[in-house]
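Here are my notes on the structure you sent. Please read them next to the coordinates.

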Amino acid sequence: MKKKTIVTGVIGADVHAVGNKILAYALEQAGYNIVNLGVMVSQEEYIEAALETNADAILVSSLYGHGEIDCNGLREKCDEAGLKNIPLLAGGNLVVGKQEFSEVEKRFLDMGFTKVYPPGTQPETTIEDLKIMLQ
Amino acid sequence: MIYLTADIGSTYTKLAATDSESGSILGTACAFTTIGTDVREGFHAALRKLESAIGELSYDRLICCSSAAGGLKMVALGLVPELTAKAARLAASSAGAKVVKTYSFEISMAEQMEIEKISPDLILLCGGTDGGNREVITSNAKRLCLIKGDFAIIAAGNKSASHELQDIFTSSGKQFVITENVMPEFNKLNIEPARKCIEELFINRIVEAKGLSLLQKMSGYEIIPTPLAVMRACELLSKGAAGESGMGDLMAVDLGGATTDIYSMSEGRPSLENMLPKGLPEPYAKRSVEGDLGMRYSLPSLKEATDIRIISALSDVPADQVEEWLDQCIANPDTVAVEDSPQQRVEEALARVAIEIATERHSGVVESVYTPLGQMFALTGKDLSEVPAVIGIGGALINSKDPVKILAGSKYDSQRFMYAKPRSPKYYLDSKYIFASMGLLSSVDPMLALKILKRELKEI
């Protein structure tokens, strides 16, 4: 079977590089073709990379608390660019302060994200989800 | 060994004779190019002029380059503007082509007609990483096949689409080559195979079509596009040859009537610690060609790209007089300004502005970003701010009385701080017009070419 391609990166003005590298490594080991955009990635860069590489999913990381602002509108832009129904996953420390995760999750799902992960999620969890999502 | 190099330009055929024993240029001469009848006539006329200056010349080797009959006209197609479309443009430019226009995504009906009107010699078709998007490149291939005209297509996109592309092109009867992807992986540039294909097709098709084959037979060496020869000279001068060091990082500016070419020989790595490179990495030896910036044939578009008031302020000539002069030059491209006239000041201001715009497009762009770790800068393209040398080549610069003023257009401007242009460069001039010749010579005797380049280049 053809390897599935996943675009990864840390969105916005966020420069947290370590988690991004670990996640990209874990996904590669799990048999995915990873297009890792690194840190400080704009919404447009995720979309451009996904277009050229014909990606199967976009995985957005954010650790600095501004994730909600940065992620807003990504689904609409994907629709506009012809990436209809591409799975969008987000995880990390997505919002400021201690907020109930279920509320955060709801807000991200309302923004058009397919799956949202709370802080401290292990890569294995995401890998399991991707396996089902990309069947 | 005596080498004779010939640069067959659209207007002039320029010769240079070099003696490898004394390591010097014996002489240079030029005559009108005679591409309409027999290109050898112009060559012999120039040779007679050369001989009348330096005495009878029996040369051992003849090497030629050409930009006659419009040079190598190309259009480039890719998928995303900042990715494969940019990679396609970089590949075509670095092969010495005049890239008239770059297209991205599936081309529209209007764009398809536009390409037919441009009537390119070659088309570089890219799109998709290997295993990535294949719909766009195949659909663009089909559309290109509907375009009338005698052009060849080089496909350098997603390898997974190569079978389909082969079928599409074969059934259409268009001449084509399929080669390696210019961007096989995301943000990984691989322009060398496409560049080689362009060079080969130039020799196979253009040399024949543009009446250069007779000269090719005389020479025995393959004729290359002139900008490629200049690029080779720049690269040699920057990197050096075995045992002889080069100048290191440099930028060269070639201002002509139809185009403005910028060459940069530099890795272009970020010059600041808190600067983060973004986007497609660009090659060490980069050439960009601006087909809309030129002193004569492209003057209408140059006039559009700038502002009469800027030219007026730079030249200290009233705006209506500037306008009048520009219109006169547009109507009659042979117009030449009288020395020490206000018109000459207008010409210098125009040249400066053309270089300013061309170097802005060539250089990297810096954006300031505020992060929780403080201010950071995102760099797209090459950071050329520490490049120490800018070399002026081409008639408009060599014949100017104040080339420094014109070349200063390439310098960093604090008002337009986002462009990573050289901050404090020294300026040099190719006063004998030998860059193309030395580029040609570099393929047979790089050491000789390098020594002459270093000697003849004058700081101004």
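1. The model is predicted, and the points should be read as describing a prediction.

2. Chain B is assigned three domains. Domain 1 is made of residues 2-68, 207-237 and 433-459, domain 2 covers 73-206, and domain 3 covers 250-429.

3. Domain 1 and domain 3 of chain B have C-alpha centres 28 Å apart. Their contact involves eleven residues of domain 1 of chain B and 14 residues of domain 3 of chain B. On the domain 1 side, α8 (226-239) and β21 (458-459) of chain B are the elements giving two or more residues. The largest share, six residues, is from α8(B). This side of domain 1 has eight nonpolar and three charged residues, with no polar ones.

4. Between the chains, twelve residues of chain A contact 18 residues of chain B. Helix α2 (residues 43-53) of chain A supplies five residues, the largest share of the chain A side. By class, the chain A side has seven nonpolar, two polar and three charged residues.

5. Within chain B, helices α10 (residues 308-315) and α12 (residues 342-362) have axes that come within 8 Å and cross at roughly 120°. Angles of 65 to 115 degrees count as roughly perpendicular and those over 145 as roughly antiparallel, so α10(B) and α12(B) are oblique to each other. Their crossing is right-handed.

6. From α10(B), the residues in this contact are B:Ile310, B:Ile311, B:Leu314 and B:Ser315. Their partners in α12(B) include B:Arg345, B:Val346 and B:Glu348. The contact of the two helices comprises seven nonpolar, one polar and three charged residues.

Definitions and conventions
Residues are numbered from 1 along each chain as its sequence is written. Chains are lettered from A and ligands numbered from 1 in the order in which they are written. This is a predicted model: local features need pLDDT of at least 70, side-chain atom pairs count only at pLDDT 80 or more; totals for chains, interfaces and linings use all residues. Domain bounds come from an automatic or database domain assignment. Two residues are in contact if their C-beta atoms, placed from the backbone, lie within 7 Å. Helices (H or I, at least four residues) and strands (E, at least two) are DSSP runs, numbered from the N terminus. Ala, Val, Leu, Ile, Met, Phe, Trp, Tyr, Cys and Pro count as nonpolar, Asp, Glu, Lys and Arg as charged, and the others, Gly among them, as polar. Axes are lines fitted to C-alpha atoms, for helices over the stretch in contact, and angles run from 0 to 180 degrees between N-to-C directions. Angles under 35 degrees count as roughly parallel, over 145 as roughly antiparallel, 65 to 115 as roughly perpendicular and the rest as oblique. A crossing is left-handed if the near helix is turned anticlockwise from the far one by less than a right angle, and right-handed if clockwise.
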